[in-house]
Amino acid sequence: MTATVALLSPRKARARERTQRILRLVTAPVIVVLAVALLFWWLSTLQLDSIEQRTLNPTYIEARIKEHLLLTFVASLLVAVLAIPAGILAYRTRSRWVRSFFLALGNIGQATPAVGVVILLAIVWQTGFATALVALVAYSFLPVLRNTMVGLEQVGDDVKEAARGMGMTPNQVLRRIELPLASPTILAGLRTALVFAVGTATVATFINAGGLGDMIVNGLKLQRYPVLFTGAVLVAAIAVLIDWLAGVVEDLVRPKGL
Amino acid sequence: MFTKRHIAATAAILVTTALLTAGCSTGSAVESGSKSDDLKGLTGVIGSKDFSEQYILAYMTTDLLNAHGANLTTNTKLVGSANTRQALTNKDFLGYWEYTGTAWITYLGNTAPITDPSAQFTAVAEADLKANDVKWLDPAPLNNTYAFAVRSSEAKKLNVKTLSDVAALPKDQQTFCIESEFSTRDDGWPGLAKAYGIDVPASNVKLLDTGVIYTATQKGSDCNFGEVFQTDGRIKALDLTVMQDDKQFFPVYQGAFTMQNAVFTKYPKIADVMAKLSPLLTTEQMQTLNAKVDVDGEEPADVAKEFLKEKGLI
């Protein structure tokens with residue numbers, strides 16, 4: 001990137017960057033709209049039997065999408081609230097033990113299959129939305145934790161030293177210097193977590209927490225492939241759209257000058 | 001990157017069948033031809049779906065046919081009915097045990113079951129042979145149909161014995177745990193609710209995975225009535241009481257051995273050999289055998305062998 005900028009005149013470089021940005025902005029939504037339109041056109045050409053009609057109707061699909069999005073967003077919000085402070089704590093602590101503790105926690109959460117977690121929790125604890133949330137949070141915790149730690153670590157020592165030289169307390173350095181400088185990395189972690197959550201939320205179907213997993217499992221078990229396919233395509237479409245949305249937000253909230 | 005990941009995940013589901021059929025096989029230790037040499041030269045793999053009853057039936061079939069001269073192995077590694085069925089139609093499996101209701105609705109694409117068991121069997125056997133070249137041997141009496149079960153203590157307290165009793169309960173007691181699959185089948189929840197006049201808010205019906213339903217029903221916190229399978233060993237083990245289907249709403253899910261028709265025409269004696277076993281497999285017998293695996297933790301292969309020996313079949 002820097003190499004390209006150096007070779008081009010500043011104005012040309014800026015123009016090129018703008019076109020690239022616009023292109024990036026429209027590609028994902030256009031592809032999603034096309035894919036979904038194609039899907040529904042294909043569905044409209046099919047003769048659906050009574051089993052398929054019970055799932056392939058607007059009311060049912062709308063309800064599943066809402067459940068899916070609610071799960072995804074609440075889980076991501078919880079991850080942000082839990083994993084960013086955990087990352088800051090792990091970064092600032094002198095104790096190596098605390099660091100490894102948080103990292104191990106994140107690793108375990110990511111490595112344990114979410115299906116196993118939901119079923120186990122459903123048996124020993126309860127079924128429903130809260131259980132699905134726990135599994136989702138556990139699964140998407142690691143990217144945010146890691147990115148928070150890495151983001152903070154890569155803030156230059158000279159910058160921190162300068163800040164301290166200006167008389168800032170460690171907390172002020174964190175709030176005014178380190179966190180803003182680390183924010184692009186932290187946001188990238190959140191974006192990853194969001195996309196993870198979209199895919200993983202499909203396991204909620206096993207414990208009465210709804211979502212598009214209902215369609216996938218239903219279609220698979222009854223060999224009603226239009227149902228399976230619609231569920232899968234919608235999950236993929238949501239993942240792409242959310243990734244895109246997160247990218248736009250990332251651009252908007254990134255501190256000026258970074 | 002993530003879009004690729006998701007598309008890959010979707011594709012993975014669709015191609016699992018192809019990949020899984022390459023799964024490993026387990027040999028059988030039964031002495032070949034101990035009973036007869038009628039099936040000499042018959043080789044192949046007997047498959048199963050992914051639950052205990054299916055494992056037991058697959059091992060029984062392998063051992064029994066091997067005792068009559070065949071050289072077969074058992075593969076119990078596939079997950080899901082659809083994959084097992086695919087392995088049969090792809091000719092990776094010689095055969096496996098299937099249920100009439102499942103084939104009629106899931107594979108043959110019908111929506112309404114036939115009430116009479118033998119009429120249902122005939123219809124399935126004819127249609128499947130014609131459409132898919134799958135041969136159905138004479139069925140066993142076992143009927144692994146759907147049922148609703150409740151904690152025995154609660155059944156006494158609520159004084160319910162039949163599904164009509166359940167439908168007459170106050171609405172806040174009419175809570176159900178069902179599978180996602182059951183929720184959309186004509187012979188599942190929509191039909192049942194209509195037949196018995198069950199009219200409860202959607203929040204009374206919880207969608208759970210099969211395994212979770214048994215524990216949830218035992219706990220009774222999510223629901224009073226759980227959708228279970230008639231032959232499941234856990235019904236007895238968890239002290240659940242099955243509600244009688246007094247309006248005979250549920251179709252019959254009679255078990256029968258299904259196999260490649262080409263192999264059957266070459267070895268028609270398979271039917272005679274299997275006819276020694278099938279009539280012994282009643283619903284109660286299957287419940288007992290399944291409980292040995294699901295409750296006592298025995299190996300399906302051992303349970304199968306023990307049963308065959310006890311009946312003098314191997």
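Two residues are taken to be in contact if their C-beta atoms, placed from the backbone, lie within 7 Å. By this criterion Ala135(A) touches Ala114(A), Val117(A), Val118(A), Leu121(A) and Val203(A), with residues up to four places away in sequence not counted. The structure is a predicted model, in which local features need pLDDT of at least 70, side-chain atom pairs count only at pLDDT 80 or more, and totals for chains, interfaces and linings use all residues. Residues are numbered from 1 along each chain as its sequence is written, while chains are lettered from A and ligands numbered from 1 in the order in which they are written.

Chain A contains 11 helices and zero strands; helices (H or I, at least four residues) and strands (E, at least two) are DSSP runs, numbered from the N terminus. The C-alpha trace of chain A spans about 75 × 55 × 25 Å along its principal axes. Among the contacts in chain A between residues at least 6 apart in sequence, 75% join residues at least 24 apart.

Of the 258 residues of chain A, 40% are buried. A residue is called buried if 20 or more other C-beta atoms lie within 10 Å of its own, exposed if 12 or fewer, and partly exposed in between, with C-beta atoms placed from the backbone. A nonpolar core is a set of buried Ala, Val, Leu, Ile, Met, Phe, Trp, Tyr and Cys residues joined through C-beta atoms within 7 Å. The largest such core has 93 residues, of which Val118(A), Ala135(A), Leu136(A), Val198(A) and Ile207(A) touch the most other members. Its largest share, 13 residues, comes from α11(A). A second, separate core of 54 residues includes Ile46(B), Met60(B), Ala87(B) and Met286(B).

Between the chains, 29 residues of chain A are in contact with 29 residues of chain B. On the side of chain A that touches chain B, at least two residues each are supplied by α3 (50–55), α6 (114–124), α9 (170–200), α10 (213–221) and α11 (225–253) of chain A. The most, six residues, come from α11(A).

In chain B, strand β10 (residues 255–260) is mostly covered, six of its six residues being buried. Two strands are said to pair if DSSP finds at least two bridges between them. Strand β3 (residues 95–99) of chain B pairs with β10(B) in the antiparallel sense over five bridges, and Glu98(B) has Ala256(B) as its bridge partner in β10(B). Strand β4 (residues 134–136) of chain B also pairs with β10(B) in the antiparallel sense, over three bridges; here Lys135(B) is partnered by Met259(B).
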